[in-house]
Amino acid sequence: MENCIGLIVNPRSGGDVRRAVAAAGRSTVEDKVSVVRRIILGAIAVGVKTFYVNYEPMQIVRRATETIRNIKVHYVNKSMTFTEEDSTIAAKKLKQLEVPCVAVLGGDGTNRAVVKGWQDIPVIPVSTGTNNAFPSFIEPTVAGTALGLVATQSVQLPDVSVTAKLIHLSGRQNVSDLALVDAVAVNDPYVGSLELFDPQTMNMAILTQADPAAIGFSSVGGLLNPLTPIDDNALFIRFAPIGSGQDTIKIKAPTAPGHYDVIGVEEIQILPFGQEVSLTGEVLLAFDGERKLRVQNNETVHLTVRRDGPRVIDPAETMRLGRHTMVNE
């Protein structure tokens, strides 16, 4: 295929109700137009002229590219569901087209939806969501240039990427699911709720990364036991309500931007790859911050962590190895 990159843009990322109940800023459509424009201009600088993108109702890519000449923009989807499934479908289409690498604009939930469509997608995740542990805060121009260097094979993907960890769900007939950063069990009645998690309802969590400088469950884990994306294990935490007598550790953590909670913890342990954690209902499972699956009373599901996820491109390393293509001696 000709030199090209893919873009998947979630127009709704960074604008949900959590912005009202916490203190996070909004990521507006105009912000996303600017990000997409800079990604494309960065890719053009190293020779990419063709872009495969998802159609979405705000027409972010069209607005970002309407004054850019001599490029080709191809939309991979002709219809929409107006759900996260649109990101999953777009990822499947990009995989079928053998697009060499992709920029994803969104948060942890958007990237999770993308990975459900293309599990080992070569990606630079650009943060525009709420609680972001997986996407990067990076200047989009540099992200676009890095993607262009990979697309033109000025650098080789294995030299500049790391395969991410995934949490896999099994045990329910005809149902499988995954998470990139965290799987959390809560005693909460509302599937799909975007409200903040109540520490008194939190049961357990599995984390693929734990960063004390992050926000959300990654921060909770990071304050207890830091864990990087390249560590070959995961972190298991069992929570206990404050005052229950089982809360052997109390931790104050930023569970959302500008919002701290005191959380009771009963148990922490390193979780090796492939080791199953069994969970019996009735609880609600949240994946990467989204409440998704109710485990019924007396039903058991299993969670395991493996390193078989997306190939996450490191923009800094890509620019370091590919810098010669931009120097004319």
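## A buried arginine

Arg-291 sits in strand β16, which spans residues 290-295. Strands here are DSSP runs of E with at least two residues, helices are runs of H or I with at least four, and both are numbered from the N terminus.

This is a predicted model: local features need pLDDT of at least 70, side-chain atom pairs count only at pLDDT 80 or more, and totals for chains, interfaces and linings use all residues. Residues are numbered from 1 along each chain as its sequence is written, and side-chain values use heavy atoms, with hydrogens and water left out.

Arg-291 counts as buried because its relative accessibility is 3%. Buried means under 20% relative accessible area, exposed over 50%, and partly exposed in between (1.4 Å probe, protein chains only). The Arg-291 side chain makes a polar contact with the side chain of Asp-188, at 3.0 Å. A polar contact is a pair of N or O atoms within 3.5 Å; within protein, one must be able to donate a hydrogen and the other to accept it, and residues adjacent in sequence count only if both atoms are side-chain atoms.

## Nonpolar cores

The largest nonpolar core holds 34 residues. Ile-5, Leu-7, Val-36, Ile-39, Phe-51 and Ile-313 have the most contacts inside it. Such a core is a set of buried Ala, Val, Leu, Ile, Met, Phe, Trp, Tyr and Cys residues joined through side-chain atoms within 4.5 Å. Helix α2 gives the largest share of this core, 7 residues. Another core lies apart from it, with 22 residues, among them Cys-4 and Phe-134.

## Helix α5

Helix α5 (residues 108-117) is mostly covered, with 9 of its 10 residues buried. Among them are Asp-108, Asn-111 and Arg-112.
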